[in-house]
Amino acid sequence: MSEKIKVGVLGATGMVGQRYIKLLENHPWFEVSYVAASPRSAGKKYKDAVANRWLIGAEIPEGVADLTVQDANDEKAALGKCRFVFSALEMGKDEIKALEAAYAAEGIPVVSNASANRWTEDVPMLIPEINYSHLDVIADQKKHHGWDKGFIAVKPNCSLQTYMMPIFALQKAGYPIKRMIVTTLQATSGAGYPGVPSFDMIDNIVPYIGGEEEKTEKECLKILGTVKDGKIENAPGPLVSSTCTRVPVIDGHTATVSLEFDLPDDKKPSLAEIERVWTSFTSVPQELKLPSAPEHPIVVRHEENRPQPRRDRDTEKGMACVIGRLRECPVFDVKFVALSHNTKRGAALGGILNAELLKAKGFFEN
Ligand code: NAP
């Protein structure tokens, strides 16, 4: 293969940024050539900037350890250093929105994990197995802003990744969903580092995550939406009611889901048919053999006490949605427990998969 594409990581010192650095270490297409963070870290060598807070449990990749951290607020500093950037910044929403647009305006595409642009109508919010067709809106986005090479593509909230693929697979197979009740049990790493104080987290569950329930209930509608007239039009449903909780787990978000089909009783799928739909589900990332795509995006387990974060979060390199306890629901139709790795599928590796899709579709070519 020809030379690797040089990439930058904004927010490289944070929880998600560190995952990017590690996951990109031996990536076949991309190579980290640029790291940026807050002015607090700017000017330091990467290894010094993360000295007391490297959380990944393996050595800092050699090629990155000695890079000098730049100020992420200076988009011009990235010019000529990388072809595109991953954004894993934690700042005010308006600041991130302005900064991501500034990089795009300089001709540097932004593949973002931040929530700031998730509701921007001409910005695709990608789960590549589901809404790869939303890439079409990027041409409109560039036109709206007069951007030449730059654009913005984002990832949805990490909690949704636990159940969006199973929902989509069922809808695609002809089993539309009317309503869902979701309770999430979200890992502490989802709050970044240092995150939730240990005194709140040990021996405890926190039944509130600011802004999370709204994201969980609404983002699915954009993901299931369609590109129309230069923007993404939301799908009308399903109607979701969620409760989001923080639990003392390091990595791996779990969700319990009960759902009702939008079908007459005699047309509703059996449990065996639901499992068949899930286990046979593959999509464009698998067809294109993208390097980070899981071979099996949905994995079904039959043990009565699975999935569990510690045992199942790294299934398919942390990119699978692992489902267990599929059974009938006495209130709705069926219920199940789903799990996905929040800083891999839900954050950095999911972002890398987005970039792989963009590369495979030619978005970094000129
Ligand atoms: P984090 O651990 O708090 O890291 C934040 C990063 O942003 C650090 O590199 C920090 O640099 C940088 N930063 C902070 N203030 C800045 C400023 N004023 N100017 C420039 N850079 C600044 O957060 P995280 O958990 O990695 O999350 C990063 C983003 O990913 C957030 O938008 C979050 O919502 C999203 N996300 C997180 C997860 C997850 O599971 N953690 C999942 C999906 C999406 P310093 O180190 O120099 O302070």
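How many salt bridges does the structure hold? There are 19 salt bridges, each a side-chain nitrogen of Lys or Arg within 4 Å of a carboxyl oxygen of Asp or Glu. This is a predicted model, where local features need pLDDT of at least 70, side-chain atom pairs count only at pLDDT 80 or more, and totals for chains, interfaces and linings use all residues. Residues are numbered from 1 along each chain as its sequence is written, and side-chain values use heavy atoms, with hydrogens and water left out.

Start with aspartate 66 and lysine 47. Their side chains form a salt bridge at 2.8 Å, N to O. The pair links distant parts of the chain, 19 residues apart. Aspartate 66 sits in the loop between α3 (62-65) and β3 (70-71), and lysine 47 in helix α2 (residues 46-49). Helices (H or I, at least four residues) and strands (E, at least two) are DSSP runs, numbered from the N terminus. Aspartate 66 is partly exposed at 43% relative accessible area. Lysine 47, at 35%, is also partly exposed. Buried means under 20%, exposed over 50%, and partly exposed in between (1.4 Å probe, protein chains only).

Next come arginine 179 and glutamate 260, which meet at 2.7 Å, N to O. Arginine 179 is partly exposed at 35%, whereas glutamate 260 is buried at 15%.

Aspartate 314 and lysine 344 pair at 2.8 Å, N to O. Lysine 344 is in helix α13 (residues 344-360) and is buried at 14%. Aspartate 314 is partly exposed at 42%.
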